[in-house]
Amino acid sequence: MMTTQEQVIAIIAEQAMLDTSDVQLHHTLADLGIDSLGLVESIFAIEEQLDITVPFNANDPSAGDFDISSVATIVAAVEQILAAQGK
Amino acid sequence: MRRVVITGAGTINPLGTDVPSTFAAMREGRCGIGPLDISDVDRLSIQIGGQIRDYDEAAYFNRQQIALYDRFTQFTLLAARQAIGQSGLTFTGVLADRSGVILGTSGGGLNTQDENYRAVYQAGKNRVHPFIIPKLMNNAAASHVSIEWNLRGPSFTVATACASSNHAMGQAFNMVRSGMATAMVTGGSEAMLCFGGIKAWEGLRVMSRDACRPFSATRNGMVQGEGAGVFVFEEYEHARARGADILCEVAGFAMSSDASDIVTPSKQGAARAMAGAIADAQIAKERVGYINAHGTGTAANDKTECAAVADVFGAHADSLMISSTKSMHGHLIGGTGAVELLACIMALRDGVIAPTIGFEEPDPECALDVVPNVARDAQIEVALSNAFAFGGMNAVLALKKH
């Protein structure tokens, strides 16, 4: 079974049309060529695959404790939500 | 070219069921946004909207009509009755043949689609009512207005998302101006506040859960609304000859396409539409006293729109007023430009500028006079009404005091 990190990276890689090996934890979404629409799609894919709800408003991406500043922070935020939502 | 004037206005929207009540609400800065009362609202993460409260279709339409009229058509017909009634026009003979209907809508009969998808997919029914197609089609409202009022000239529906009404009114304006039509019934309508209509918008993550606060640093997204605005655009000499009460003049119109991104707005596209409408009206930009903003309350729209206004008007941007009435009635999507045109008419005719309510904190990226929270008395000569749609399609009308 894939870890949360592997799942998130797979989703981001698919969005960026890159191989998962090309997505590093220190990358920002901009590094990977993911724009605001791509971000919203990635969050949707994360919610669907992990069966969670991500508090994200495109008007204020920094609100709601979901830190999108890098792949690592997204993985950490998803892990936090999984823990909080008891999954 | 002929001059074009507005001789009738009608509406039903979250602020009121006619023009006087809507003007009163705009003057008072009343908010028509509140908790949604629709099926399955508990499954929505966005649970507010500018809904028309206590609306009883049976109070206005009989059973046979309700079978044919989706909510967006009903709103249109109610607004059209007011507008045509106010104009005093009777469409017979040559006038009927030279007058038509051009309306904007984005979702058309979305409630009808939603209800019937429920019936076949969720309830497992294998049969729907025979009139679902004529009820849900986007041109249903325009057709029923033409049928009810014997408007036999050019008639069609425009769908350019959030700019639909402005594009529709722009076509109507140019038809009367060019001499193709004597009078046109125009405006737009939207009734998208159903489970599917809101669920789709939720997906974009641009909706606010609590309020629409255009231009405020604390804004966090748009809020949907519903309703209709309908107007009679009439050739000036025709209106004058019959002694019609002229609400204002439609002086110019321009459209532009961003040709860039499907959802992110462009400053250049918005600026070209505003500058184009001013040029089309052949007026100096310094005569523009008020802009009814597109002002959705999203982070992206409001700062882009303000930057475009600054580019077009230069130093004059600091002396004009700009407000977003979406803060009060919500975003009526394909009907929004029509309801917002009312704020321009109120500004020109009554000298009252509708406020941007919900304004909490200035945003340096929206550093214009946004008429925060309280309406203002001001005599203005020219007003613009902006609409900038997803898809990058922009439409701006210029109106002049008569």
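The buried residues of helix α7 of chain B are A140(B), A141(B), A142(B), H144(B), V145(B), S146(B) and W149(B), where a residue is called buried if 20 or more other C-beta atoms lie within 10 Å of its own, exposed if 12 or fewer do, and partly exposed in between, with C-beta atoms placed from the backbone. The model is a predicted one, in which local features need pLDDT of at least 70 and side-chain atom pairs count only at pLDDT 80 or more, whereas totals for chains, interfaces and linings use all residues. Residues are numbered from 1 along each chain as its sequence is written, and chains are lettered from A and ligands numbered from 1 in the order in which they are written. Helices (H or I, at least four residues) and strands (E, at least two) are DSSP runs, numbered from the N terminus.

With 7 of its 10 residues buried, α7(B) is mostly covered. The cover over these buried residues includes α3, β4 (99-104), α6 (132-136), β5 (156-158) and β6 of chain B; here and below, two residues are in contact if their C-beta atoms, placed from the backbone, lie within 7 Å. After α7(B) comes N150(B), which has a positive phi, near 60°.

Two packed helices are described by the angle between their axes and the distance between the axes. In chain B, helix α3 (residues 71-87) and helix α7 (residues 140-149) have axes that come within 9 Å and cross at roughly 40°, the axes being lines fitted to C-alpha atoms, for helices over the stretch in contact, with angles that run from 0 to 180 degrees between N-to-C directions. The two helices α3(B) and α7(B) are therefore oblique to each other, given that angles under 35 degrees count as roughly parallel, over 145 as roughly antiparallel, 65 to 115 as roughly perpendicular and the rest as oblique. Their crossing, that of α3(B) and α7(B), is right-handed; a crossing is left-handed if the near helix is turned anticlockwise from the far one by less than a right angle, and right-handed if clockwise. On the side of α3(B) the contact is made by F72(B), T73(B), T76(B), L77(B), A80(B) and I84(B), and on the side of α7(B) by A140(B), A141(B), H144(B), V145(B), E148(B) and W149(B). By class, the residues of this contact between α3(B) and α7(B) divide into 8 nonpolar, 3 polar and 1 charged, where Ala, Val, Leu, Ile, Met, Phe, Trp, Tyr, Cys and Pro count as nonpolar, Asp, Glu, Lys and Arg as charged, and the others, Gly among them, as polar.

D350(B), placed in helix α14 of chain B, is exposed, with 12 other C-beta atoms within 10 Å. Between D350(B) and A279(B), which are 71 residues apart in sequence, the C-alpha to C-alpha distance is 25 Å.

At the level of domains, whose bounds come from an automatic or database domain assignment, chain B is divided into domain 1 (4-241) and domain 2 (251-400). The centres of these domains of chain B, taken over C-alpha atoms, are separated by 21 Å, and 63 residues of domain 1 of chain B are in contact with 58 residues of domain 2 of chain B. On the side of domain 1 of chain B that touches domain 2, two or more residues are given by each of β1 (4-12), α1 (19-28), α8 (164-178), β6 (183-190) and β7 (227-235) of chain B, and the largest share, 8 residues, comes from α8(B). That side of domain 1 of chain B divides into 28 nonpolar, 29 polar and 6 charged residues.

In the loop between β11 (352-353) and β12 (376-377) of chain B lies V371(B), a residue other than glycine with a positive phi, near 50°. V371(B) counts as buried, with 25 C-beta neighbours inside 10 Å. N373(B) also lies in the loop between β11 and β12 of chain B and has a positive phi of about 65° although it is not a glycine, but N373(B) is partly exposed, with 14 other C-beta atoms within 10 Å.
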